[in-house]
Each structure stands twice: as structure tokens, then as C-alpha cells.
Amino acid sequence: MQVIPSPIREVLDDYIELIGASLPTRLEGLYVHGSIALGAYVEGKSDIDFIAVTSEPITEKDLPLLSGLHLRIKKMFPSFELDGGYVTWDDLAEDDIYQKSFVYYNDGEMKKGTVINPVTTWFLQKKAVNIIGPGIQELEIGLDDRLLIRYTFENINTYWADRIQFLESQVDRLDQWTTEQIDSELEWSILGMLRQYYTLKEKDIISKVEAGEYALRHLPALWHPIIQEAINIRSGNKEELFGTHDERIQTALKFLRYLHSHFNQLMEVEGRRK
């Protein structure tokens, strides 16, 4: 529990109390993953990522209760964002869990969709913190590095490829963005993609800042200023490495295009080795 900062523990304690009152005896496991489990939580930027294990599946009848619970938590702790899904022990043991849909909470809404992916599985086996329930070493969940790499590669060529395309389409409008909006996008896109880069190279998962630092050691010096810029934004360092917004935006787009191409070259090499 030493990796859980006390303010987050307070949020989780109240969540546990509220779900116990709304759905008595249903919550049997609660696991925190993501940035908290990596010891890299940044208040105001990171979510409280969780997987809740219930004794029975969440039904349509339960949704208003859960929605109200999450709304109360948000009002009580406006600076914190819970983000997670609800599964059962039987679900966790299923081979097809990656294809199954579950109830989850995200961006202020109860939704239904895929909750467990190879990244979640990695956390549940290696890094997640059990708040309630057995330790992760006792969970019967299989982890295949090949699935993690395949998922990462697909993510790069779907979500991140689309993200780059979106940013390119916005180039003529970026002068209308605030400094905060530009900072947020640079941090999200550059460090987000670099986490994927690290996973492809090392078959492991680390924090955004650590992924940036890894990239500084392994990618050409040409890209170091924009990587350091993203690290600075994430870390709250106000040092400015570019003279204008346009310069750093154009550099960021060139880097993201390079990185996307580099990913695919890495996968081609990996494919030839097999």
C-alpha cells in the first residue's frame, strides 16, 4: 500500500464505503493499476485506474446505483478521476476476456465495452495494487508477451495513427489553441507514443516520464529537444526549449511521423526474426 498516496486512499475508502451501501456484499476485489501502480501519479493529470471484481455481473438494474455512486465521488473529490471497469472472478479466468464487454466508468459516464486488454492483464499480473481481495500473485490470469506486443502495435496503427492525422488536420487552426491546450497535446501524444515504443522494445510498461527518459537514451539527438519538452510539461518544469509555438508544434508533428514509421520498421525486423 506504500505506493498509494493518502489523498487517493481517501477517495478509494469512500468509494468502497459507498459501493458497500449501494450494492452490499458485491465488491470482492479492487485493484488499482496505471500510473498509481507505477508510482507516477500526477494529480490533475492522472486518473485513478481500477478494476473492480464483483460477486455477480453488473446488471442494467445496477447502473443507476453505480452512476449515482460515481457522481457522488466526483462531487466529493473534484480533482480526482476514477476510471475503471467491473468484472467477476469467472470473467478473469476466461480465455476470451479481451473480446467480452463489461460495464465501466469513464469521463463521467457509465458505459459498456472492452475493459480488460493485454496492458490491464500485465498490470494485474505484475504491478497492480490490491485494495480489496487476494494479492495479484494469487490471481489466475495468463499473460502472453506476444499479445502485449500485438496489442501495442495495433494501438499504434489505429488510435495513434488517427491522432497524428487529426493533429495534421488542425495545423492551420493551432494558432487558436491556448498554450495549455498545446502543452496538453504535446505531453499526451509524445509521451503516450513513447510508452508504446518502450513496450515494443522491452516488452514491459513504464511511466510516461520514464518512457521519455528512455527515448533520450535510445533515439537520435535530433529529437531530444521535443522529447525533453514533453517531459518538462509532464513534470511541471517551466523551461522553454522552443522559440515559438509553431516551431514546437511542427517539430512535434515531424517527430510523431518519424516515430510511427520507426514502430513499423521495428515490427518488420521482429517479424523477420520469427
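These legends accompany close-up views of a predicted model. Local features need pLDDT of at least 70 and side-chain atom pairs count only at pLDDT 80 or more, while totals for chains, interfaces and linings use all residues. Residues are numbered from 1 along each chain as its sequence is written, and side-chain values use heavy atoms, with hydrogens and water left out.

View 1. Welcome to H2, which runs through residues 63-76; helices (H or I, at least four residues) and strands (E, at least two) are DSSP runs, numbered from the N terminus. Its 14 residues reach 20 Å from first to last C-alpha, close to the 20 Å expected at 1.5 Å a residue (1.5 Å times one less than the number of residues). Leu66, Leu69, His70 and Ile73 are its buried residues. They sit on the same side of H2 because they cover an arc of only 90° around the axis, taken from the directions from the helix axis to the C-beta atoms. An α-helix has 3.6 residues a turn, so residues three or four places apart point the same way. On the other side of H2, look for Pro64, Arg72 and Lys75, which are exposed. Here buried means under 20% relative accessible area, exposed over 50%, and partly exposed in between (1.4 Å probe, protein chains only).

**View 2. What H2 packs against.** The buried residues of H2 pack against helix H1 (6-22) and against strands E2 (48-54), E3 (82-88), E4 (102-106) and E5 (109-113), with contact meaning heavy atoms within 4.5 Å.

**View 3. The largest nonpolar core.** A nonpolar core is a set of buried Ala, Val, Leu, Ile, Met, Phe, Trp, Tyr and Cys residues joined through side-chain atoms within 4.5 Å. Of the 35 residues in the largest one, Ile190, Leu194, Leu219, Ile227, Phe255 and Leu259 touch the most other members. Helices H5, H6, H7, H8 and H9 each supply at least two residues, and H6 gives the most, with nine.

**View 4. Aromatic pairs.** The structure holds 13 aromatic pairs: rings of Phe, Tyr and Trp (its six-membered ring) with centres within 6.5 Å, where planes under 30 degrees apart count as stacked, over 60 as edge-to-face and the rest as tilted. Trp122 and Phe123 are edge-to-face, because their ring centres are 5.0 Å apart and their planes at 90°; both residues are buried. The rings of Trp160 and Trp188 form a tilted pair, with centres 6.2 Å apart and planes at 35°. Finally, ring pairs link Tyr197, Tyr198, Tyr214 and Phe263 into a cluster.
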